Amino acid sequence: MSSTGSDPVVSVEDVTVEFDNSGGMLGFFDNTNPVRAVNDVSLDIGEREIVTLIGESGCGKSTLGKTAIGVQKPTSGAVRYRGQDIWEAKSSGKNASVPFSEIRHALQIIHQDPGSALNPNQRVITSLSLPLKKWNPDMSRERREERIHAMFERVGMTPPGDFLNRYPHQLSGGEKQRAVLVRAMLLNPDLILADEAISALDVSLRVEMMDLMLELQDIFDTSYLFISHDLSNARYIAEKSGGRIAVMYLGEIVEIGGVDEIIENPQHPYTKALRWATPNLFDDRDEEEFPIREIDVPDPRNLPSGCNFHPRCPEAREVCQREHPGEITTGAGEHLCRCFRADDTHEYWNSPDLHD
Ligand SMILES: Nc1ncnc2c1ncn2[C@@H]1O[C@H](COP(=O)(O)OP(=O)(O)OP(=O)(O)O)[C@@H](O)[C@H]1O
């Protein structure tokens, strides 16, 4: 699933991530299949591109995000930063053409809980100075503080000294999240993984935070991998940046495209269900026609045969139970979907309905 830009900042290539939860005595009695959190995913993130990952809880968004920035090692497949295999760089040490430390510097993360990046016992200025000190040991203290003050001015936290001398608990949730965004941006990263970074904020502050992220992107040429469970936020940021939305289901990207494709013309029945479940995106929806079968999400330790979505899919036919759909290009070429319905000539159309 390639980006629209030139060379990708990050390429995720056929990546699978499994967690083996069977360790220990208790594990002996558990289901010992590993959890397949990410299942054979490929995704390029281009220069100054914003890709939004969307999907329900447990579908693998965070695991894919962490894998893309080199925090989680994939079980199989490769992750490249500007062509350099991240895990090869780690094992090659000084011999790597792009050292692992440089890659980790270039790929930053902001979490849902800004508290995790701000030490509660330190003033904000100290927490923000530490990464700068680590990555730019030759920078003088005055220069460092000058930069931090300038960034606080830029994000509207003025007068900066007022905020920077406080402890994290003396800031509001929105102020903390802005401080954490500044902390990441100070390193001038190529890509920021924003993992549900706005979810804990009041609804009124979410748009403000997304606008700030876009403003800083303009200044610093940063790409974002923006994780959200809320399709209306995904739409907002993708629409404003011309970015893509990737819909995840049980470890796979089942559909990816721009706003025109994913919001206005979704092809995958799961994307349609997500859209239906986001009423402010969809004026003329039929309240009665719930577009997903009301059964539990399958266990990622025991994935269904065929298409992962078929047990819940109202459109499933027999072929969906036995054949796993690959990526199908629909429309203009940037719109990809893992559903036989996107292929007019597939045997799906002659296959009997599954859930009559
Ligand atoms: N470190 C881990 N050890 C074992 N299982 C894990 C680990 N991290 C994630 N998982 C499992 O992998 C699957 C995907 O989890 P992940 O957190 O990536 O999903 P998510 O879409 O980000 O969900 P959420 O929005 O709830 O964070 C889940 O079944 C989860 O329980």
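**Note on the predicted model**

1. Leu53 stands opposite Ala246 in β9. Strands and helices here are DSSP runs numbered from the N terminus, strands (E) having at least two residues and helices (H or I) at least four. This is a predicted model: local features need pLDDT of at least 70, side-chain atom pairs count only at pLDDT 80 or more, and totals for chains, interfaces and linings use all residues. Residues are numbered from 1 along each chain as its sequence is written.

2. Strand β3 (residues 50-54) has parallel partners. Two strands are said to pair if DSSP finds at least two bridges between them. Four bridges join β3 to β9 (residues 244-249), in parallel, and five join β3 to β8 (residues 223-228), also in parallel. Within β8, Phe226 is the bridge partner of Thr52.

3. How many residues of β3 are buried? Five of its five residues are, and the strand is thus mostly covered. A residue is buried if 20 or more other C-beta atoms lie within 10 Å of its own, exposed if 12 or fewer, and partly exposed in between, with C-beta atoms placed from the backbone. Ile50, Thr52 and Ile54 point one way from the strand, while Val51 and Leu53 point the other way; all are buried.

4. Strand β1 (residues 8-19) is joined to β4 (residues 76-81) by five bridges, and the two run antiparallel. Glu13 stands opposite Ala78 in β4. Contact is counted where C-beta atoms, placed from the backbone, lie within 7 Å; axes are lines fitted to C-alpha atoms, for helices over the stretch in contact, and angles run from 0 to 180 degrees between N-to-C directions.

5. Helix α2 is mostly covered, with seven of its eight residues buried. The buried residues are Lys61, Ser62, Thr63, Leu64, Gly65, Thr67 and Ala68. Just after the helix, Gly70 takes a positive phi of about 80°.

6. Which residues come nearest to the ligand? Of the 14 residues around it, they are Phe19, Ala37, Ser57, Ser62 and Thr63; a residue counts as near if its C-beta atom, placed from the backbone, lies within 6 Å of the molecule. The largest share, three residues, comes from α2. By class, the shell holds five nonpolar, eight polar and one charged residue. Nonpolar here covers Ala, Val, Leu, Ile, Met, Phe, Trp, Tyr, Cys and Pro, charged covers Asp, Glu, Lys and Arg, and the others, Gly among them, are polar.

7. The chain is divided into domain 1 (8-112 + 190-350) and domain 2 (113-189), with bounds that come from an automatic or database domain assignment. The C-alpha centres of the two domains lie 30 Å apart. Their contact takes 20 residues from domain 1 and 16 residues from domain 2. On the side of domain 1 that touches domain 2, the elements giving two or more residues are α4 (100-106), β6 (107-110), β7 (191-195) and α9 (203-220). The largest share of that side, six residues, comes from α9. The residues of that side divide into 14 nonpolar, five polar and one charged.

8. In helix α5 (residues 124-135), Val124, Ser127, Leu128 and Ser129 are buried. The buried residues of α5 pack against α6 (141-154), α7 (160-164) and α8 (173-185). In the loop between α6 and α7 lies Pro159, which a cis peptide bond joins to Thr158, with omega about -10°.

9. Asp221, in the loop between α9 and β8, has a positive phi near 55° in a residue other than glycine. Asp221 counts as exposed because it has 11 C-beta neighbours inside 10 Å. Leu250, in the loop between β9 and β10 (252-257), likewise has a positive phi, of about 45°, although it is not a glycine. With 25 other C-beta atoms within 10 Å, Leu250 is buried.

Definitions and conventions. Two residues are in contact if their C-beta atoms, placed from the backbone, lie within 7 Å.
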